[in-house]
Amino acid sequence: MRERVEDVVLARRADATERLLETANRFKGEAGQKRVEDHAWRSWPVRQRLEHALVKGIDEFVTEDTEAARLEFGNPLTVIEGR
């Protein structure tokens, strides 16, 4: 793979792009297949949900979960510091 990328970047071969695309197709999933989201973690306690979302980079529920944490812990500083 590295050689194919270098061929494209350094313009070492006339057919470099085609060769890279052929190689990339081997690493691609099935065309049209959608990724299934597992939202089982949404049933966890709010503290665990926030931790999971931060670690995984999920921002879809950040407003909802931070508000739930604020209401549960009563103090925004407690939510931030985790005390």
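**Exercise 1. How many helices and how many strands are there in the protein?**

Solution. This is a predicted model. Begin with the helices: the protein has five. The elements run α-α-α-α-α.

**Exercise 2. What share of the residues of the protein counts as buried, and what share of its accessible surface belongs to carbon and sulfur atoms?**

Solution. Take burial to begin with. The protein has 83 residues, and 18% of them count as buried. Next, take the surface. The accessible surface comes to about 7,100 Å². Carbon and sulfur atoms hold 53% of that area. Last, turn to contacts with a separation of 6 or more. Residues 24 or more positions apart account for 12% of these contacts.

**Exercise 3. Describe how helix α1 and helix α2 cross, and list the residues that meet.**

Solution. Step one is to locate the helices. Helix α1 covers residues 2-9, and helix α2 covers residues 16-27. Step two is the geometry. Their axes come within 8 Å and cross at roughly 150°. Angles over 145 degrees count as roughly antiparallel. Therefore α1 and α2 are roughly antiparallel to each other. The crossing of α1 past α2 is left-handed.

Step three is the contact. From α1 come Glu-3, Arg-4, Val-5, Asp-7 and Val-8. They meet Ala-16, Thr-17, Arg-19, Leu-20 and Thr-23 of α2. Sorted by type, the residues of this contact are four nonpolar, two polar and four charged.

**Exercise 4. Is Asp-7 buried or exposed?**

Solution. Asp-7 sits in helix α1. Its relative accessibility is 4%. Buried means under 20%. So Asp-7 counts as buried. Now find what Asp-7 touches, leaving out residues up to four places away in sequence. The list is Arg-12, Arg-13, Ala-16 and Arg-19.

**Exercise 5. At roughly what angle do the axes of helix α3 and helix α4 cross, and which residues make the contact?**

Solution. Locate the pair. Helix α3 spans residues 46-56, and helix α4 spans residues 62-73. Their axes come within 9 Å and cross at roughly 145°. This crossing of α3 and α4 is left-handed. Now list the contact. On the α3 side stand Val-46, Arg-47, Arg-49 and Leu-50. On the α4 side stand Asp-65, Thr-66, Ala-68, Ala-69, Glu-72 and Phe-73. Finally, sort the residues of the contact of α3 with α4: five are nonpolar, one is polar and four are charged.

Technical notes
Residues numbered from 1 in each chain as written. Predicted model: local features only at pLDDT ≥ 70, side-chain atom pairs only at ≥ 80, totals over all residues. Heavy atoms only, no water. Axes fitted to C-alpha atoms, helices over the stretch in contact; angles between N-to-C directions. Helix = DSSP H or I, 4+ residues; strand = E, 2+ residues; numbered from the N terminus. Parallel < 35°, antiparallel > 145°, perpendicular 65-115°, else oblique. Left-handed = near helix turned anticlockwise from the far one by under 90°. Contact = heavy atoms within 4.5 Å. Nonpolar A, V, L, I, M, F, W, Y, C, P; charged D, E, K, R; others polar. Buried < 20%, exposed > 50% of the residue type's maximum accessible area, 1.4 Å probe, protein only. Areas by Shrake-Rupley, 256 points an atom, 1.4 Å probe, with all protein chains shown as cover.
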